[in-house]
Amino acid sequence: MTNEATSSRQKPSSAKPLEITEKVRVLCLHGYRQNGESFKSKLGSFRKHVNKYAEFVFIDAPHKAKPMEEGAEPQADQLSWWFNKDDGSFKGTNKNGPAFGFQESLKLVEETWKTQGPFQGLLGFSQGACFVGLICGLAKKKLTSIKPEFAIMSSGFLSGSLVHKSAYEESVIIPTLHIYGLSDEIIPKEMSQELANHFKNVEVLEHNGGHYFPATSQQKQTYINFFQDRLQEYLENLELQQTSNAAFVEEQPQNSEDVSDSLEESD
């Protein structure tokens, strides 16, 4: 483990460069008190690292976050996916609370997945990463129409809301990348590690910083490797589907004469 950044997996440098003909598409979910545009801006360097392999779509949560100062007006650009405290606020470390507004947010993401797709992956930060973990668990149990093929979770954690506990009953097998800071004081590393333990096909990227999505030169190769693998899988699946569809078409009778000929041959 190095002092700067560590990854649970390294790729040999002799690997052949991938011929790029497509990109995977990733739906991105921002953190608490963020919005789609601010999250997109914060991920500028990250997106440059992997722009060759992936396209990212950012959306806004449907709820305004509670003002930080009592009596102040909610800010239009400070949003939340749901609230887990009785006062209508959210705190990642809160346990056994409600999940006010969650179903509305889930419906929004499901609708986006359907209307702006196809998407292959999900990416989330903090509350958004918690949401991504929940969606993966719900998808495993076939309780959502979203079917992610991979996921990236930065500063993620397991939801403490009582209604969400059932989403973690089964381990999830899709490839995931979990990113967290060793000095994160908002979501301690142990909480992100607990989320990662819920998945089976896991890669972990630690950094020495706090509560943010890192995108320095230390993390660049890990991101590139992860998205190269996801794109390779996507292209291979496309090729398999095309081959399967072509074989199906070839097997179909072309006209009524072919149908009668096939019937006569079977008699």
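Arg 25 is buried, with a relative accessible area of 17%; here buried means under 20% relative accessible area, exposed means over 50%, and partly exposed lies in between (1.4 Å probe, protein chains only). The structure is a predicted model, in which local features need pLDDT of at least 70 and side-chain atom pairs count only at pLDDT 80 or more, while totals for chains, interfaces and linings use all residues. Residues are numbered from 1 along each chain as its sequence is written, and side-chain values use heavy atoms, with hydrogens and water left out.

Arg 25 has a partner: it forms a salt bridge with Glu 55, and the closest N and O atoms are 3.4 Å apart. This pair joins distant parts of the chain, since Glu 55 sits in strand E3 (residues 54–59) and Arg 25 in strand E2 (residues 24–29), 30 residues apart. A salt bridge is counted when a side-chain nitrogen of Lys or Arg comes within 4 Å of a carboxyl oxygen of Asp or Glu. Glu 55, at 36% relative accessibility, is partly exposed, whereas Arg 25 is buried.

How many salt bridges does this rule give? The count is five, and two others can be followed here. In one of them, Lys 141 pairs with Glu 169, with the closest N and O atoms 2.6 Å apart. These partners also come from distant parts of the chain: Lys 141 lies in the loop between helix H4 (127–140) and strand E7 (150–154), and Glu 169 in the loop between E7 and strand E8 (172–181), 28 residues apart. Lys 141 is partly exposed at 23% relative accessibility, while Glu 169 is exposed at 58%.

Another salt bridge joins the side chains of Glu 233 and Arg 230, at 2.8 Å from N to O. Both residues belong to helix H6 (residues 217–251), where they are three residues apart, or about one turn of the helix. Are these two partners buried or exposed? Glu 233 is partly exposed, at 33% relative accessibility, and Arg 230 is buried, with a relative accessible area of 8%.

Now for the chain as a whole. Its secondary structure comes to seven helices and nine strands, where helices (H or I, at least four residues) and strands (E, at least two) are DSSP runs, numbered from the N terminus. Of the 267 residues in the protein chain, 48% are buried. Among contacts (heavy atoms within 4.5 Å) with a separation of 6 or more, 76% are between residues 24 or more positions apart. The accessible surface of the chain, from the Shrake-Rupley method with a 1.4 Å probe, comes to about 14,200 Å², and 48% of that area belongs to carbon and sulfur atoms.

Ala 167 is found in the loop between E7 and E8 and is buried, at 3% relative accessibility. Its C-alpha atom is 7.8 Å from that of Lys 141, although the two residues are 26 residues apart along the chain. Which residues does Ala 167 touch, leaving aside its neighbours within four places in sequence? They are Leu 134, Gly 137, Leu 138 and His 198.

Gly 31 has its place in the loop between E2 and helix H1 (36–42), and at 1% relative accessibility it is buried. Beyond its neighbours within four places in sequence, Gly 31 is in contact with Leu 79, Phe 125, Ser 126, Gln 127 and Gly 128.

Ser 126 lies in the loop between E6 and H4 and is buried, with a relative accessible area of 8%. Arg 33 likewise has a positive phi, near 65°, in a residue other than glycine. Arg 33 is placed in the loop between E2 and H1 and is partly exposed, with a relative accessible area of 23%. Finally, the peptide bond from Gly 117 to Pro 118 is cis, with omega near 10°, and Pro 118 is in the loop between helix H3 (102–115) and strand E6 (121–125).
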